[in-house]
Each structure stands twice: as structure tokens, then as C-alpha cells.
Amino acid sequence: TWHLKKIPQIVRERTLSLDSPKFEAKTKLELNSVCGIECQRKLPLPSLSDLKDLLSYETVFENGTRTLTEVNVLGEVLDPAGNTTTRRSLRRKRQIYGTDSRFSIYDKRFMTNFPFNTAVKVSTGCSGVLISPKHVLTAAHCLHNGKDYVKGSKRLRVGLMKTKSRGNGRKRKGTSDGMPSFQWTRVKSTHIPKGWFKGVSGDIALDYDYAVLELKRPHKRKYMELGISPTIKMMPGSMIHFSGFDNDRSGQLVYRFCSISDESSDLFYQYCDAEPGSTGSGIYLRLKEPNKKKWKRKIIAVYSGHQWVDINGEQQDYNVAVRITPLKYAQICFWIHGNDENCTQG
């Protein structure tokens, strides 16, 4: 069951103008030197002043201007997973673990209906998910490498899968029924938490590898609501699901599901089969609504991608996702609504 939780408040304190970014960074879909499971265990919980700094955020607008918004955090802040993790054996270096269990969605009746229609393509080469009539959730490193915004993010666009062909319904030359076509929409503004920039001098802080894009025009599709990520033991079969546009299956929407192997307070470690291109996909669960017989899907994490980390001098790999904690729920909800009135319960 989805459990209602009281959410901490994120309150805007002041907004400062910054210099325009250079937009010169290269898009890098695989990160190295990341604080992994062992490293996460040793990290102290952030203080309130740390959280205020980490949850402050940059906004880049379509015309290239940039602001920094400083925030305050009100209300109780809890560690949702208690930093509990399970030790796992080392694996060989690969992104597809064992048999490739991904499904390509070819049938347009599925592709253009919920939940698959919420998957979108980001023009920098990543995926994303619709979370409101005007907002898309994706990974921060699809837009920013920790020091500068990536080249393609200056004129950022989002591709929504088309539901029907134009004209008299005849298939255009060179198109295939199994390939989604996209309707591209310009991005009006982008929000990235300051926590993503924290690791500029050392390790990149994966805990804050998420961003929200505001579209220039609203869409009329069904989107997926945000949910607060439960711990592994509160998930049915520990199973998660996500769809994205993997590079090795060009033009196809690829769906997968798998169980989560490990967790920290901010990250899920799993071995869902994935390739670059699916980075930024929304990971969702299907749980029962409180006091109802209805089931509901909600986004509980953002797929960050395949990562290498040093553990005891050896390189270990895993596929990692950033959890939607109560604090991140409050921040993303604030970005969507522009205030915290609609963000008291999650």
C-alpha cells in the first residue's frame, strides 16, 4: 500500500542572478569515481545547514540566463532507509547481467498508452518521464557534468511519443510500425539541485543526480505522479519497473523490470538490464491506494545509469537509481507548483 507521509517544507529564501553558463561540457552517460555502497555507509547524515545548501538549486532559462535559489528546510527530516545495506559479491564488468531481460514495446496501442506513454526522449541523448502537464523528470548528468552544462542543453528539447500520424493516416515512406515517432517540445527552464555540484572537486554526489525540465507548452497526456520511495522490504517482491530509449535498440521504447539488490538512504542498487540512453528514466512501483481497492503506479526513483566504483581496491559495477525521499519529493513538488501548499502530504 502507498502510505501517506508528512513532507518537510522547502521554502524559497532568496534568488540570485548568476552568469550565463558556457554550455561546453561533453555529455557523459557513464560516471566514474562514484561514492558507492561501502562509501555511502561511512557518510555522516547531513546537518540542516548542509541540507539547505544541497537542496538550493540552479535554474537555467531558455534564453541562457541562470539563477540560484537558496532555500530553507522546515519540518522533521528523517533517514528513510536507516542507511541499511546488504553486502553483495563482486560481479564482472557489464551492463547486461546474465540473460538480457529487456522487452522492446512494438505495439503502438501499448506504446502510446499509460504507463508507457509517460516515457520521453531528452535531446541530449537521455530518457525522462512526464510528472505533470508541463514537467519532465530526468537525471542531472544528462544536462550538467558537475562543472558546466552540456553542449546540447542550451536548446534543450523533449520528444513525446506521437499517438497518431498526421494527414490521411497513410504510412510515410521509411517509417515502421514498431518505431515511435516524436513530437519535439522546447524546454522553458531547467532545475538542478545544488547537491549535484557538490562533488565538483572530488567524487560526484549521485544522491542528487536528478533534474526537472519545464516544457514551453503543456501536453494533454496522462502523466505519472511522484511517490515517496519505500524501503525494499515494503515493496511487493522488491520489484521495480522502467521504460526508456536504450542506445543499442535505436528508436525503440524498451521496458524492463527487476528486483532491487541493495539500498542506502538515497540510492537503490539494482541489476535491471539497461544501456546508455535509458538514463533519466522514471522508475515506478504499482501499489494499492490507501483504503481503496485500486492499484496505482507512481515514480519512486530516477535511473542514474551504470556506474563503476572502487570497493576495497577492486572495481565493482552496478546499475543505480536515485530514490525519491521525502525531502526530494518536497523539492520536486515545489518545482512543479511554485509553492509548498500542494506538497504537505506525499
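User: Which residue stands opposite valine 254 in β12?
Analyst: Glycine 244 does. This is a predicted model, where local features need pLDDT of at least 70, side-chain atom pairs count only at pLDDT 80 or more, and totals for chains, interfaces and linings use all residues. Residues are numbered from 1 along each chain as its sequence is written, and side-chain values use heavy atoms, with hydrogens and water left out.

User: How many bridges join β11 to β12?
Analyst: Six. Strand β11 covers residues 239-244, and the two run antiparallel. Strands pair if DSSP finds at least two bridges between them. Strands themselves are DSSP runs of E, at least two residues; helices are runs of H or I, at least four; both are numbered from the N terminus.

User: And what joins β12 to β13?
Analyst: A hairpin, through three residues. Three bridges link these antiparallel strands.

User: Is β12 mostly covered or mostly open?
Analyst: Mostly covered: nine of its eleven residues are buried. Buried means under 20% relative accessible area, exposed over 50%, partly exposed in between, with a 1.4 Å probe and protein chains only.

User: New topic. Where does serine 127 sit?
Analyst: In strand β6, residues 127-130. Serine 127 counts as buried because its relative accessibility is 0%.

User: What does serine 127 touch?
Analyst: Its contacts include Val120, Thr138, Gly244 and Phe245, leaving out residues up to four places away in sequence. Contact means heavy atoms within 4.5 Å.

User: Which backbone nitrogen lies 2.9 Å from a polar atom of the serine 127 side chain?
Analyst: That of phenylalanine 245.

User: What about α4: how far apart are its end C-alpha atoms?
Analyst: They are 16 Å apart. The expected span is 1.5 Å times one less than the number of residues.

User: How many of the α4 residues are buried?
Analyst: Eleven of twelve. Among them are Leu327, Phe334 and Trp335.

User: What follows α4?
Analyst: Glycine 338, with a positive phi near 80°.

User: Last one: how many helices and strands does the protein have?
Analyst: Four helices and 16 strands. Of its 346 residues, 55% count as buried. Among contacts with a separation of 6 or more, 74% come from residues 24 or more positions apart.

Key:
A polar contact is a pair of N or O atoms within 3.5 Å; within protein, one must be able to donate a hydrogen and the other to accept it, and residues adjacent in sequence count only if both atoms are side-chain atoms.
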